[in-house]
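Please read it with the structure open.

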Amino acid sequence: MIKTFIDKLLGKADGAKSRKPRFGKRVEVPASVHGINPELVDRRAVDVVRTLQDAGFEAYIVGGAVRDLLLGLRPKDFDVATNATPEQVKGLFRRAFIIGKRFRIVHVVHGRGREHEVIEVSTFRAYLDNSAAEQVSGNERTSKAQLSGMQHAVDASGRVLRDNVWGPQDQDAARRDFTVNAMYYDPETQVVVDYHKGIEDAQKRVLRMIGDPATRYREDPVRIIRAVRFAAKLSSLGFALEPKTGKPLVASQHLLQEVPQSRLFDEMLKLLQTGHALASVEQLQKLGLEKGIYPLLDVVVQRAGNPLVRAVLQDTDRRVAEGKAVAPSFLLACVLWQDVKAGWEQRLARGEHAFPALQDAIDEAFEQRIGDVSGRGKLAADMREIWVMQPRFDKRSGSQPFSMVAHIRFRAGFDFFRLRADLGEASDELVEWWQEFSLTDDARREDMMAQVREEQRQAQRAQQRKAPAVAHRVPKADGAEPPALADDAAPATDAPKKRRRRRRKPGGGQGGASDAGQGD
């Protein structure tokens with residue numbers, strides 16, 4: 001109260017009013033202006049919006065989906081925002097699940113198996129002053145018990161650990177990151193609600209942070225990675241980071257050290273597996289963020305010029321563009337093959353057996369490069385299987401080819417082998433053989449195996465014919481040294497061996513080898 005009185009004496013605006021954040025002005029843009037094609041909107045997202053609206057709640061498609069629709073693109077994911085609480089949302093759908101602690105949201109699931117689709121539904125959140133939030137001294141792990149009863153909490157650096165206070169739509173828009181991601185689309189009325197000139201920025205191809213960028217990065221340092229990802233994704237359409245948005249990125253990078261490793265790992269995969277891997281690497285280098293975000297990402301950027309790594313990044317982008325699945329285990333197996341191969345070759349040079357040497361090299365690579373991610377059992381197991389398969393492609397005997405093609409990871413291992421062949425690390429003939437063997441029927445497989453056995457027998461006979469003759473030692477006669485062969489005298493390899501006849505000692509004694517020696 002005293003501060004308010006002093007402010008009035010000094011001619012300042014009302015203290016409370018001056019501290020009130022600006023939430024932007026609501027602008028409703030009709031279809032005739034924004035031009036969104038309703039055919040690009042997922043019917044399941046429309047059903048979720050309609051169900052919520054029929055129950056008396058506000059509901060909109062929100063975020064990147066609206067941005068992509070404005071640009072004429074078909075979004076891969078659709079999110080919905082509503083004023084219904086997570087519990088109210090869950091109660092309206094048969095298959096809905098509340099997830100998350102930092103941000104509680106609802107996953108509404110449509111379909112089953114590989115064809116299922118998840119519509120993410122979030123509740124409008126209030127714009128709160130983080131200086132007024134409850135503060136904990138630790139992080140998500142060390143302060144778990146303390147955070148369990150909090151709705152709005154930050155750590156010592158100001159990073160938001162809990163943000164589950166609901167509010168109106170204008171406040172929800174203010175707490176989103178980029179203006180082009182803060183628009184709301186109603187598929188029923190086809191109206192876009194825009195509070196921060198997102199449509200204007202989309203037309204100008206500008207990525208602009210809502211509010212003060214440095215403050216927003218401090219609230220959630222992962223926004224640094226999101227800025228890189230959006231810049232990479234939209235660079236082909238002419239988008240670029242606004243200078244004020246890009247300037248604090250490097251200075252704010254140290255804040256990522258407080259973010260859980262698991263969350264950074266997930267954000268790294270989004271950079272590399274959403275169809276813009278090469279563009280993401282280029283943006284990291286362009287913005288000065290090529291080192292320090294996450295150790296494994298540093299290795300990817302460092303090795304992006306390596307033929308195998310570049311090939312897998314290109315292949316990942318291609319598969320995403322074609323709507324095909326991509327696996328992090330395959331990408332990381334390519335990135336770290338350099339470490340595994342070097343360790344394996346060193347052990348073989350020391351005389352170690354091939355398979356144990358490979359296993360030890362893999363363990364060393366996990367320990368040095370992946371760290372705690374190696375504890376993610378499935379990821380580590382899949383990478384190991386891809387690597388262990390590589391020497392087995394050279395062996396086509398017995399039942400091994402049949403067990404190989406029946407292996408659940410055969411396709412990943414074979415694709416890895418094919419990439420290696422493209423770079424000269426493996427035989428093209430072997431790639432073609434395994435490709436046919438994996439796709440043909442059992443009768444043809446038996447014929448192929450018989451042909452391999454015949455080729456191996458012919459190669460063995462040819463090797464025996466080329467083998468040099470064994471030199472026989474001639475015993476000394478009367479103490480004289482045997483004559484030495486001339487340096488340029490080559491032994492005749494094709495001449496048949498001669499057997500020496502045994503001589504019997506005079507007197508008909510027991511037979512034995514004479515001083516002339518015996519041939520063997």
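1. G198 has a relative accessibility of 0% and therefore counts as buried. Its place is in helix 9. The C-alpha atom of G198 is separated by 8.8 Å from that of R208, and these two residues are ten apart along the chain. The model is a predicted one, and this applies to every point below.

2. R205 belongs to the loop between helix 9 (198-204) and strand 12 (206-207). The residue is not a glycine, yet R205 has a positive phi of about 60°. With a relative accessible area of 31%, R205 is partly exposed.

3. Q190 raises the matter of a positive phi again: the angle is about 60°, although Q190 is not a glycine. Where does Q190 lie? Q190 is found in the loop between strand 10 and strand 11 (191-194). The relative accessible area of Q190 is 27%, so the residue is classed as partly exposed.

4. D186 is placed in strand 10, which covers residues 183-186. What is the nearest side chain of opposite charge to D186, and how far away is it? It is R26, at 7.8 Å. D186 is buried and has no salt bridge. A salt bridge requires a side-chain nitrogen of Lys or Arg within 4 Å of a carboxyl oxygen of Asp or Glu. The side chain of D186 does have a polar atom 2.9 Å from the backbone nitrogen of E188.

5. How many salt bridges does the structure hold? The count is 35.

6. R67 and D68 form a salt bridge, and their closest N and O atoms are 3.1 Å apart.

7. R104 pairs with E87 in a salt bridge whose closest N and O atoms are 2.6 Å apart. R104 lies in the loop between strand 4 (96-99) and strand 5 (105-110), while E87 lies in helix 6 (residues 86-92), so this pair ties together parts that are 17 residues apart in sequence. R104 is partly exposed, its relative accessible area being 23%. E87 also counts as partly exposed, at 44% relative accessibility.

8. K378 and D382 meet through their side chains in a salt bridge, with an N to O distance of 2.9 Å. What separates the two residues within helix 20 (residues 377-389)? K378 and D382 are four residues apart in that helix, which means a separation of about one helical turn. K378 is exposed, with a relative accessible area of 56%, whereas D382 counts as buried at 8% relative accessibility.

9. A network of salt bridges links D315, R318, E322 and K324.

10. Which residues form the negative surface patch? The patch is made up of D422, D428, E429 and E432. Helix 23, spanning residues 428-439, gives the most to the negative patch, with three residues. E432 lies in helix 23 and is exposed, with a relative accessible area of 56%.

11. L52 has its place in helix 4 (residues 43-54). The relative accessible area of L52 is 0%, so this residue is buried. N83 is 31 residues from L52 along the chain, and the C-alpha atoms of L52 and N83 are separated by 9.4 Å.

Note on methods
Residues are numbered from 1 along each chain as its sequence is written. This is a predicted model: local features need pLDDT of at least 70, side-chain atom pairs count only at pLDDT 80 or more; totals for chains, interfaces and linings use all residues. Side-chain values use heavy atoms; hydrogens and water are left out. Patches are made of residues with over 30% relative accessible area and no salt bridge: like charges are joined within 9 Å, nonpolar side chains (Val, Leu, Ile, Met, Phe, Trp, Tyr) within 5 Å. Accessible areas come from the Shrake-Rupley method with a 1.4 Å probe; for residues, only the protein chains shown count as cover. Lys and Arg count as positive and Asp and Glu as negative; His and the chain ends are not counted. The place of a charge is taken as NZ of Lys, CZ of Arg, CG of Asp or CD of Glu. Buried means under 20% relative accessible area, exposed over 50%, partly exposed in between (1.4 Å probe, protein chains only). A polar contact is a pair of N or O atoms within 3.5 Å; within protein, one must be able to donate a hydrogen and the other to accept it, and residues adjacent in sequence count only if both atoms are side-chain atoms.
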